[in-house]
Each structure stands twice: as structure tokens, then as C-alpha cells.
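Thanks for passing this one along; here are my notes, in numbered points. Please keep the model open beside you as you read.

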Amino acid sequence: MELEMAADELKSVLNRLRRAQGQIAGIIRMIEEGRDCEDVITQLAAVSRALDRAGFAIIATGLQHCMTEGGQVDGDRDQMRARLEKLFLSLA
């Protein structure tokens, strides 16, 4: 399944990933500075949510693309459904 996203969808996903990248750098600094464990865990949870949202956005776009694609035979549709289900579960 190729990653085919509209420019605005792609921009949104990239922004989420860049924000998460910045948060991870911040978490590394927090650990190096010996910051409070609770603060570090709170930031880790925020990064995890941001990454999950980016992943779900990518999967949802793929699902939308598959649903609007005409002419697929049932076997292909079942295979695509299984692949998308596996992707969703990998983020669960």
C-alpha cells in the first residue's frame, strides 16, 4: 500500500511528527538534567499520543483511498481489509 496523501493531509502528519520529534528531544534533556520522573512520564505519554495520531491519520488516509478505489475484486478487498486491520492493531 503506497502512501498517497493530499498535500494538506501530508502537512498535518508531518507537523505532528516534527512536534513529536521536538518533544522527544525535550524528554532527552529532561532525563539528562535529572528532572522529576512524573514530568518525564507525562511528556512520554504526550509523544506517544502524537505518534499514534500521526499513524492513525496515515492509516485513515489509506483506508479512504482504498474505499474510493473502484474495480477491486473481492479477494483484493479482503486482503486490503486484513492489511489495514493489522496496521490499526499495530498502533493499539
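1. The largest nonpolar core has six residues: A20, I27, M30, V40, V47 and A50. A nonpolar core here is a set of buried Ala, Val, Leu, Ile, Met, Phe, Trp, Tyr and Cys residues joined through side-chain atoms within 4.5 Å. Helices α1 and α2 (37-68) each supply at least two residues of this core. Buried means under 20% relative accessible area, exposed means over 50%, and partly exposed lies in between (1.4 Å probe, protein chains only).

2. A word on provenance: this is a predicted model, in which local features need pLDDT of at least 70 and side-chain atom pairs count only at pLDDT 80 or more, while totals for chains, interfaces and linings use all residues. Residues are numbered from 1 along each chain as its sequence is written, and side-chain values use heavy atoms, with hydrogens and water left out.

3. On the overall layout, the chain has three helices and zero strands, and its elements run α-α-α from the N terminus on. Helices (H or I, at least four residues) and strands (E, at least two) are DSSP runs, numbered from the N terminus. Of the 92 residues of the chain, 21% count as buried. Residues 24 or more positions apart make up 69% of the contacts with a separation of 6 or more, a contact being heavy atoms within 4.5 Å.

4. The buried residues of α1 are V13, A20, G26, I27 and M30. After α1 comes G34, with a positive phi near 75°.

5. A50 and A20 are 30 residues apart in sequence, yet 6.2 Å apart in space, C-alpha to C-alpha. Not counting residues up to four places away in sequence, A50 touches R16, A20 and Q23. With that exclusion, V40 touches I27, M30, I31 and R35.

6. Now the surface: L10, L14, L17, I24, I28 and L51 form a nonpolar patch with about 440 Å² of accessible area together. Patches are made of residues with over 30% relative accessible area and no salt bridge, with like charges joined within 9 Å and nonpolar side chains (Val, Leu, Ile, Met, Phe, Trp, Tyr) within 5 Å. Accessible areas come from the Shrake-Rupley method with a 1.4 Å probe; for residues, only the protein chains shown count as cover. The largest share of the patch, five residues, comes from α1 (residues 7-32).

7. L14 counts as partly exposed because its relative accessibility is 32%, and L17 is partly exposed at 35%. Leaving aside neighbours within four places in sequence, L17 is in contact with L51 and A54.

8. Last, the structure holds one salt bridge, defined as a side-chain nitrogen of Lys or Arg within 4 Å of a carboxyl oxygen of Asp or Glu. R35 pairs with D39, with the closest N and O atoms 4.0 Å apart. R35 is partly exposed at 42% relative accessible area, and D39 is partly exposed at 33%.
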